[in-house]
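Here is a short note for a colleague who is opening this structure for the first time. Please read it with the model on screen.

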Amino acid sequence: MMSDPIIQTFNLTKLFDQKTLAVNKLSITVKPGIYGFLGPNGAGKTTTIKMLIGSLFPTEGRIEIFGKDALGKDIADIHKRIGYVPENPTYFMDMTGEELLEYVGSVFKIPQQKLISRISNLLRLVDLQDAKSRKIAKYSAGMKQRIGIAQALINDPDLLILDEITSNLDPLGRSKMVNLLKGLKNEGKTIFISTHILPEIEKMEADSIGIINQGQLILEGSIKELNEKLGTKIIKISPKHDLLREKLKHYALNIGETADELIIESDNPDQVWKIVNRISMENDIIINKFISSGLEIEQLFMKAFDITKKDIGVENK
Ligand SMILES: Nc1ncnc2c1ncn2[C@@H]1O[C@H](COP(=O)(O)OP(=O)(O)OP(=O)(O)O)[C@@H](O)[C@H]1O
Ligand SMILES: [Mg+2]
């Protein structure tokens, strides 16, 4: 069925050297589409991914991929349907891009004819036709990332797992990557991508995000669901009149401003509207903007950390 989870983990845990709890009882649900796996440095993203792709065995917990136990007898079948691009790819630098794809294709035992046409399609997809005969060692960072995607797609996987692949790309390279990934999603592939670069996930129009910190899941869901859960709105008001700022200070969860707007974070936009309305009437201020919207990913991310700090009583560093 379309909306059956592609990946599910249950209390997934990894303890390194009996002291570093890199992943701590992590239960996530990845449905078809793009899933942004977010968290700061050291949060446990790469460790989780290594367990998903089977290169690291969990200390505890279970993983289901395509509805099957990913730690059991179906492991080989599952892995045939996964493409993976690691955080720091160390490809066979001495090979050309084309040779790498031939090699990976042979590992998957793809018949020669099929492989030739697939390689040429993939080189076109990642825009490396002109560089296919150059050594990977001589590729730029962006080209290495793109050949990484191509090799991960050689077996036409249903699930693509990408660890921080956009982190060392320039804006143009990133935007190309975002479009490439959106295209793959439209072909029906599920993309699990870890990053700490939030605007990326926004541009990709991720269907869901999971936010982790210190190995634990903090929040998970679609942007819409997370907004509903958090119940906070961002209200933009212009002009940014001193009287408004003064008064609203007492009602806002947070108050900030841009060059020409007040930015109010509130869990009660109606109340904010009433105050703005009253003050503007009393003081002849003409309000030309009052827009209330949900939080964007970056704001959700910050908010998520705020909330857990309060909930679990962790003090700010
Ligand atoms: N092989 C290992 N042995 C011991 N500790 C490890 C090992 N791999 C990772 N860790 C620790 O586990 C924690 C999580 O690391 P991980 O690489 O999963 O984080 P990450 O979220 O991918 O971070 P980044 O954004 O920097 O890539 C860190 O404290 C790290 O030092
Ligand atoms: Mg990592």
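1. **Confidence.** This is a predicted model. The mean pLDDT of the protein is 88. A value of 70 or more is reached by 95% of the residues. Among the elements, strand β1 (residues 7–16) has the highest mean pLDDT, 98. Helix α11 (residues 297–312) has the lowest, 66. Over residues 311–317 the pLDDT is below 50. That stretch has two contacts in the model beyond near neighbours in sequence. Please read this part with that in mind.

2. **Domains.** The domain assignment gives two entries: domain 1 covers 7–222 and domain 2 covers 233–293. Their centres, taken over C-alpha atoms, are separated by 43 Å.

3. **The six-stranded sheet.** Which order do the six strands follow in this open sheet? They run β7-β8-β9-β4-β10-β11, with mixed pairing. β7 (82–85) and β11 stand at the edges. Each has a single partner strand, so one side of each is left without a neighbour in the sheet. On average, neighbouring strands here are turned by 15 degrees against each other, direction ignored.

4. Strand β8 (residues 159–163) and strand β9 (residues 190–195) pair in the parallel sense. Five bridges link the two. Look for Leu162, which stands opposite Ile193 in β9.

5. **A hairpin at one end of the order.** Strand β10 (residues 208–213) and strand β11 (residues 216–221) run antiparallel and are joined by five bridges. Ile212 has Leu217 in β11 as its bridge partner. The two strands form a hairpin, with two residues between them. In the turn, Gln214 has a positive phi of about 45 degrees.

6. α1 lies across β4 (34–38), β8, β9 and β10. Relative to β8, α1 runs at about 150 degrees.

7. **The four-stranded sheet.** This open sheet has the order β13-β14-β12-β15, and the pairing is antiparallel. Its edge strands are β13 (254–257) and β15 (289–293), each pairing on one side only. Neighbouring strands are turned by 20 degrees against each other on average, direction ignored.

8. **Pairing and packing there.** β13 and strand β14 (residues 262–266) pair in the antiparallel sense over four bridges. The bridge partner of Asn254 in β14 is Glu265. Helix α10 (residues 269–283) packs on the sheet. It touches β12 (233–238), β14 and β15. The direction of α10 makes about 15 degrees with that of β12.

9. **The ligand shell.** How many residues surround ligand 1? There are 15, and the closest are Phe16, Ala22, Lys45, Thr46 and Thr47. By class, the shell has three nonpolar, eight polar and four charged residues.

10. **Where the shell comes from.** β2 (20–26) and α1 (45–52) each supply at least two residues of the shell around ligand 1. The largest share, three residues, comes from α1.

Conventions. Residues are numbered from 1 along each chain as its sequence is written. Chains are lettered from A and ligands numbered from 1 in the order in which they are written. This is a predicted model: local features need pLDDT of at least 70, side-chain atom pairs count only at pLDDT 80 or more; totals for chains, interfaces and linings use all residues. A residue is near a molecule or strand if its C-beta atom, placed from the backbone, lies within 6 Å of it. Ala, Val, Leu, Ile, Met, Phe, Trp, Tyr, Cys and Pro count as nonpolar, Asp, Glu, Lys and Arg as charged, and the others, Gly among them, as polar. Two strands pair if DSSP finds at least two bridges between them. Domain bounds come from an automatic or database domain assignment. pLDDT is the predictor's confidence in each residue, from 0 to 100. Two residues are in contact if their C-beta atoms, placed from the backbone, lie within 7 Å. Axes are lines fitted to C-alpha atoms, for helices over the stretch in contact, and angles run from 0 to 180 degrees between N-to-C directions.
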